[in-house]
Amino acid sequence: IGYWELKDMMVLITTFLQSFMVMYCVHWGWHRYDLSIDAVIKYFACGFVLCTSMAFAVELFEYLTFQASVTGLVWWLEVGEVDSSGYGGGSMHVMFDGHGRSLAKGADVLQGFLNRNPAVRLFYVLVSSYLMAGLVEEVCKYFGFVMVDHPDFCSEREMEKAKATMPLQILRDREEDDDEEEDGPGEKSEGKIELPAMDEALANFNPAMQRRSLSSIRSGVTVAMVAVALGFACCENLLNIFIYNRSSLRSEITTLIVKSLFPVHPIAAAIQSIYVCRRDLEKDPSIGLGRIVLPSVLLHGTYDFALLLISSSWQRSHKEQYFYQGGSMTVVAVLSFCASLFIVMTGGVYYAFSSRAQYARLRGESGSGDTRALSEASFGLLL
């Protein structure tokens, strides 16, 4: 905290503004009538807080498990206790090709081991990219979308049930308020809505207003899942900028620009939304959780795998540093930029063609005159 400067505050604000601007374009620019602002805020907050917490916990468990496995392998290979400091304190050293490396420097030991074993390094990069990053983060974002139960995705039948049970719920709330007033007679309840006003509002509520076209529900699902992904990406950007890559203001800005130019998380979430709608709107029985997350896992994992392979590194948290090599344009930086651009554009083109085909199918179903299908389009959605 002591080294927090004004420039860091500006980068922090810019990081949030970048996510808000993308969300503004996606929601307000194209789909403002397909999902309410209240839902957008809640989905974004879920991605920022809950999804990142879940992903961090799972990835931390995977990392600790991996570190324990590596430590066990190191001890199993060759470990000797030597006194090389000259101060009488022994320290553990691992011997690789006759070179001593301190066990306290786990990253140094692992880097040396992976450099001497290319096959093992390739295997670790594959596991780290597709399992530790791609699978965990994409599944967490999917469940972040599912765990938010918002009225925007309730069917007309569900709204009618809620309207029918609302008087009983209001009566129960009134009884609880009366009990609290009896416990504290000197206190006045504030913000209480009068019963006649509530009855009038309830009588004027028409569940048929929830009736929407399949295309509108499809757009709402996409916006909601992208909002979760943007919340997740915003929190991840803060970690990458202020924890992993905080060496200079230029590196922080470079990391933010790279994250803005290559929005892997929003594109992956948009692709997920296509398969969610195939399952819940088109009622495709072959679509399950695996089919929903598989394309986004492949996109996300390939992005990380390409950067790690090009940079000859194994640390996924530092992959944005490869675009900034001390202020000079290097071969690694150029290759990283080209690979990232190609992967992101491939994901965007795949989403564009798949989305266009799905909208055509949904409009065909909506134009068939099946009003019951329209009124119950979102019934059972996300179950």
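User: Leaving aside its neighbours within four places in sequence, which residues is Ser355 in contact with?
Analyst: Beyond those neighbours, Ser355 is in contact with Arg218 and Ile274, where contact means heavy atoms within 4.5 Å. This is a predicted model, in which local features need pLDDT of at least 70 and side-chain atom pairs count only at pLDDT 80 or more, while totals for chains, interfaces and linings use all residues. Residues are numbered from 1 along each chain as its sequence is written, and side-chain values use heavy atoms, with hydrogens and water left out.

User: Where does Ser355 lie, and is Ser355 buried or exposed?
Analyst: Ser355 lies in helix 11, helices being DSSP runs of H or I with at least four residues (strands are E runs of at least two), numbered from the N terminus. Ser355 counts as buried because its relative accessibility is 6%; buried means under 20% relative accessible area, exposed over 50% and partly exposed in between, with a 1.4 Å probe and protein chains only.

User: And Tyr350, which helix is that in?
Analyst: Tyr350 is also found in helix 11, which runs over residues 331–366, but Tyr350 is partly exposed, with a relative accessible area of 35%. Setting aside neighbours within four places in sequence, Tyr350 is in contact with Ile271 and Tyr275. Tyr350 and Ile271 are 79 residues apart in sequence, and their C-alpha atoms are 8.1 Å apart in space.

User: Back to Arg218: which ring does it lie over?
Analyst: Arg218 lies over the face of Tyr359, at 4.7 Å from the ring centre. A charge sits over a ring if NZ of Lys or CZ of Arg is within 6 Å of the ring centre and within 35 degrees of the ring normal.

User: How many aromatic pairs does the structure hold?
Analyst: There are 9 aromatic pairs. Rings of Phe, Tyr and Trp (its six-membered ring) pair if their centres lie within 6.5 Å, and planes under 30 degrees apart count as stacked, over 60 as edge-to-face and the rest as tilted. One of the pairs is the tilted one formed by Phe16 and Phe20, at 6.1 Å centre to centre with 40° between the planes. Phe16 and Phe20 both lie in helix 1, 4 residues apart, about one turn of the helix, and together with Phe44 and Phe48 they form one aromatic cluster. Phe16 counts as partly exposed at 24% relative accessibility, and Phe20 counts as partly exposed at 41%.

User: Which residues are buried in helix 1?
Analyst: Asp8, Val11, Thr15, Gln18, Ser19, Met23, Val26 and His27 are buried in helix 1.

User: How many residues has the largest nonpolar core?
Analyst: The largest nonpolar core has 55 residues, and those with the most contacts inside it are Tyr43, Phe145 and Val221. Such a core is a set of buried Ala, Val, Leu, Ile, Met, Phe, Trp, Tyr and Cys residues joined through side-chain atoms within 4.5 Å. Helix 7 gives the largest share of this core, 13 residues. Another core, of 5 residues, lies apart from it, and Val11, Leu238, Phe242 and Leu256 are among its members.

User: What about Lys283, where is that?
Analyst: Lys283 lies in the loop between helix 9 and helix 10, and Lys283 has a positive phi of about 55° although it is not a glycine.

User: What is the mean pLDDT of the chain?
Analyst: The mean pLDDT of the protein chain is 76, with 68% of its residues reaching 70 or more; pLDDT is the predictor's confidence in each residue, from 0 to 100. Over residues 79–106 pLDDT stays under 50, and the model has 46 contacts beyond four places in sequence for them.
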